[in-house]
Amino acid sequence: MQQSVYYGQIGHKDAEMLLGKYGKDGSFLLRDSESQHGALCLCVRKAPYVLTYRITHSHQGWGLETENKEKIKWFQSLDKLIQSYKETPHNMVPLLYPLEKSHLNKEDRRNREPTYMEM
């Protein structure tokens, strides 16, 4: 599941644009952190904002840093972390709709205007 919502090295502005254009409240994606090497960012839409949470990886597993610096809950895999926050939001915006890259490709093809060529 994580591969379908992982966008790699896109910036926070690009993530906000994608979630704003294609998402709805509860839509989310993963991207590389711009400020901490090896960390990921979980970006979640809650209109009119996109909230960003840092996910770190250590020998303990995968953990999500919260705004109020609560004790980090560790998970064996990134998929288990995401699944946990889908089921129980833990004082954050619920993860309801994965913004999958394959969905965007189909959406872009549908939104393109037909090209008219005279022969």
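Biologist: Where is R31 found?
Modeller: R31 is found in strand β1; strands (E, at least two residues) and helices (H or I, at least four) are DSSP runs numbered from the N terminus. This is a predicted model, in which local features need pLDDT of at least 70, side-chain atom pairs count only at pLDDT 80 or more, and totals for chains, interfaces and linings use all residues. Residues are numbered from 1 along each chain as its sequence is written, and side-chain values use heavy atoms, with hydrogens and water left out.

Biologist: Is R31 buried or exposed?
Modeller: R31 counts as buried because its relative accessibility is 4%. Buried means under 20% relative accessible area, exposed over 50%, and partly exposed in between (1.4 Å probe, protein chains only).

Biologist: Which residue forms a salt bridge with R31?
Modeller: That residue is E34, with the closest N and O atoms 3.7 Å apart. A salt bridge is a side-chain nitrogen of Lys or Arg within 4 Å of a carboxyl oxygen of Asp or Glu. E34 is exposed, at 54% relative accessible area.

Biologist: How many salt bridges are there in the whole structure?
Modeller: The search finds three. One of them joins the side chains of D25 and K46 at 3.9 Å, N to O. D25 lies in the loop between α2 and β1 and K46 in strand β2, so the pair ties together parts 21 residues apart in sequence.

Biologist: Turning to the sheet, what is the strand order?
Modeller: The order is β5-β4-β3-β2-β1-β6, in an open sheet with mixed pairing. Two strands pair if DSSP finds at least two bridges between them. The edge strands, β5 (74-75) and β6 (97-98), each pair on one side only.
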